[in-house]
Amino acid sequence: MLGEGILKGLAETAKNFFGSYFFAERLTTVEYPEERIAPIEAARVFPFLVYDVENRDGGGPEWEAGLRCVACQICEKECPPKCIYIEKSKDKKLDYLGKAQYYPAKFDIDISVCMSCQICVEVCPFEAIKMDTAFELSTTDRFGDLLLDREQLAKPNEHYHKIHPTEAAAVDAHRAEEKMKADAKAKSAAEAAAAKGETGKMEVKPAGAGA
Amino acid sequence: MTVAGAVRKQLPVGWNRPVPIEPEGEGELLEVAMGPHHPSTHGVFRMDVALDGERVIRLKPVFGYLHRNHEKIAEGISYLASMPYTDRLDYVCPITNNWAYALAVEKLTGQTVPERAEYLRVILGELTRFQNHASSIGFFIQEMGASGTPLMYAFREREKILDLFEELTGARMMVNYMRFGGCRVDATPAWLDHTRKVVAGLSAFVDEFEQLLRTNEILMVRTQGVGILTAELAVNAGITGPMLRASGVNYDIRKVDKYGIYDRFDFRVPLGDHGDIYDRFMIRLLEMRESIKILEQALKDIPGGPVMDPKAKIRGFRPKPGEAYGRIEAPKGELGFYLISDGGPNPYRYRVRPPSLVNLTVLEDMCLGHGIADVVLIFGSVDIVLGEVDR
Amino acid sequence: MFENLFDHLDQIFVLLKQVLVGVLPAAWQPVASVVLCVVVIIGLFPALFALAVLLERKGLGRIQNRLGPNRVGPFGILQPIADGVKSLTKEDIVPISADWIVHFLAPVVLVVAVFMGFAVLPMGRNMVLVDMDAGLLFYFAIGASTELAIFMAGWSSRNKYSLLGAMRAVAQMISYEVPLLMSSVTVVMMTGSLSLTKIVAAQNHYTYGLPHWFIFTPWGFAGFFMYAIATTAETNRSPFDLPEGESELVAGYHTEYSGFKFALFFLGEYLAMFSISGMGATLFLGGWTAPLSILTWVPSWIWFFSKLMLSIFVFIWLRGTLPRLRQDQLMNFAWKFILPLCLLNLVVAGIWRFMGDGWLRWVVCSAILILAYLVMGRWGMRRQHIAPRSYRYAE
């Protein structure tokens, strides 16, 4: 019959019209900004630098002293659009395993260039840079506000736990394991040195950076 | 739509081919530029059309408005760093772009991919195909004037699929998920359950979609017999994808190359007989159903194990000198990457074979003799994405 | 006691008018009565237009699984005010080579012609502005002059594409005038009068509680169906809205209009929709009569406006579902399908009238119409090789 297809189409539309009053899946509007969708854990927007409150060596503000980044510049090299700019420091600090490492004197990310590919996170050997989830970053300053420096990028480990709980727990477990291994190695090295009875070489290797 | 028109007696300079069809009568030819601002847009694209009354006499597609130097950039950065750029080629289907590139590099280096990674690739690839075909049909009907209703239904389903992508890879569209030798991140059992739930609902959606569209008389009257592409011309012009199969040629790279693990899945390839617009969009609808079949099988059989080749290097990746061409059946056609390596960390030559660009070459042949109102529909049925055409 | 109350409710506007006009001296009363009614019509229908525009956007939204506008006022009811203010404050651009007098007059002619059509619609019991003996004729004569306004708009813009769009729109409207009129002629045949009040009165009878609306007869049903299609085409609504389709080359006859003039075109189109739906309700759906005899206590003007709003909902529903027909296809449809069916409907109406009462005439008339529809439909589609297809799969 001519018109049958049209009638079927009309029936379909009517079903959606009346369904939108009764069924949630037929009305998909989320009235942002009053309503928001639940954030998904794995979401990634722009990178940030993680700092640990308890591992600090030296003075200075908390975020600077506890930065995990050791300025190895691997993320700078691997970044596809080259939006990271790092300057190494001249001196070294101790990290959570007790090794002396450089730290970044400058660490700039231009988020107007960053394409959220998270290759920097993938290649970082020190779990120092992770992806943040904040996306309401509009600003009227075209150049300055979109170039984030070290201080703006540094966020504490608990922030990382808040936005990516599973990942952060895994990272913390891994770091604790590494620390245990390093402690065990240091202890066995100290015992070996004591057993060999080398006098005069009373090197005090701290088992870990003190709190 | 710019309506800058000029009326001429002969064709403008630069249109070198002889006139394929003669204008009737001795009126002047009306030359109109449709684009680059289109209401029914698939991106920034221009068509210079010469009309005799309402009939199209010549049509010249003009693109390049979205050229972003993708291939040249790739020569300056490492292989891994090109992966996020491939997301942005056919930006509606980033997973399949990643997959084609990963396949090309794996051919270059001879890496193998673990089983679980192959299954994940198939699952994500078929989800991508589903949402691409749904959006393509939706946009096509929107251009026909149905005020966007089927488009909204298609996007409702697409949102569910994009949520799945975000849970797994971190981003809805620019996923950057495939790696050379596997996938970046393993899928949790929770994600697989969520995927099974979503896939269970897709069949009902395709039924609804089909009911809305397949027997609609107005749709049939506007699309049947319009924009016919003969099988011979399609094969000669290198057309691939649903356009080719709608013209009746049985060529699906998933069946021909059997890349990945596609030979383990039981799915059929629908073929059309007439090669007109109706066939093309019905083939896409039927392929959506086949994708659901593949998804159900893959989700049932997915094994455990690693998702990344343990010997694969992320940094310092220097393939031996050589060349490779890796191709897949992307939702729009054959997407291929041709790589030449000279042993360094960056490719020597990186070339993308975009299906949309090759499919566009027959636009004029399909539009000749039709009215200007049909040109928009024929163009929509080719299903292009300018990111791919222009790279 | 209640019948008296509902009677008064039914005639409340008439009584109100009498009270207001009674204040004036006797010599002025007829004029004042007419002027008052005119003012009410000019105030009411644009308000209804604002409501319809909002309902359209919200209705389309709900069909598409989304909310319509809901930011301006609760449920978006102040959205038409925002739209009105926007259109009033836009710059009024007149192309320099355009014929500015005709360019200015075109929307005015459209709106005036459409308003004049409301004069003969019976909106309730005793609620007609002018009770003409040839009301139907007057209505269609005035309605045809809306096409003049469209052509004026296209011509005066001095724009090749506007002119093309205007010519297409006028061709479409002229083609669909014929089925529109022919389906109303069957009603005239039955009632023997061109007067709209008499047509409504002819439908104001009930048998077993069911009304004698003309739509419940075979010829009336077919007539209503064709009247509805012709109406959709006359008012340039989807699926016949190619003249104003945005994804086509020609942007339409109102390309060169901006600001308030454009809003007037829009107003004119919607008012035409109301008035032609009102006419359809009068001819086929019994005008202001109630659908069941037990419901006659509800005021008549409520029934009339409900039928009007129902038609508007159906228009919105069609717009949200159907794609557009191409120009040549819609002309083909009018001349080769609708018109023959209309002529057949005239014959069937004649058969109905002269066969006398009884079940036989129902069977005969319905059979003729259904058979004709099926045969013509199938033959028409088959001739163009249009059919749903099934697909084969590769081995």
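**Exercise 1. Find which ring Arg62(C) lies over, and which ring the charged end of Arg268(B) sits over.**

Step 1. Apply the criterion: a charge sits over a ring if NZ of Lys or CZ of Arg is within 6 Å of the ring centre and within 35 degrees of the ring normal.

Step 2. Arg62(C) lies over the face of Tyr21(A), with 4.2 Å to the ring centre.

Step 3. For Arg268(B), the ring is that of Tyr393(C), whose centre is 3.7 Å from the charged end.

The model is predicted: local features need pLDDT of at least 70, side-chain atom pairs count only at pLDDT 80 or more, and totals for chains, interfaces and linings use all residues. Residues are numbered from 1 along each chain as its sequence is written, chains are lettered from A and ligands numbered from 1 in the order in which they are written, and side-chain values use heavy atoms, with hydrogens and water left out.

**Exercise 2. Classify the aromatic pairs Phe45(C)–Phe305(C) and Phe333(C)–Phe337(C), and place their residues.**

Step 1. Rings of Phe, Tyr and Trp (its six-membered ring) pair if their centres lie within 6.5 Å; planes under 30 degrees apart count as stacked, over 60 as edge-to-face and the rest as tilted. Over all chains, the search of the whole structure gives 44 aromatic pairs.

Step 2. Phe45(C) and Phe305(C) have centres 6.0 Å apart and planes at 35°, a tilted pair. This pair links distant parts of the chain, 260 residues apart: Phe45(C) is in helix 3 (residues 29-63) and Phe305(C) in helix 11 (residues 300-321) of chain C. Helices here are DSSP runs (H or I, at least four residues), as are strands (E, at least two), numbered from the N terminus.

Step 3. Both Phe45(C) and Phe305(C) are buried (under 20% relative accessible area; exposed is over 50%, partly exposed in between; 1.4 Å probe, protein chains only).

Step 4. Phe333(C) and Phe337(C) are stacked, at 5.5 Å between centres and 10° between planes. Because they are four residues apart in helix 12 (residues 327-355) of chain C, about one helical turn separates Phe333(C) and Phe337(C).

Step 5. Phe333(C) has 23% relative accessibility, so it counts as partly exposed. Phe337(C), at 8%, therefore counts as buried.

**Exercise 3. Give the strand order of the open three-stranded sheet in chain A and identify its edges.**

Step 1. The order is 6-1-8, with mixed pairing; two strands pair if DSSP finds at least two bridges between them.

Step 2. Strand 6 (129-131) and strand 8 (154-156) of chain A each pair on one side only, which makes them the edge strands.

Step 3. Strand 1 (residues 47-51) and strand 8 of chain A run parallel and are joined by three bridges. Val50(A) has Lys155(A), in strand 8 of chain A, as its bridge partner.
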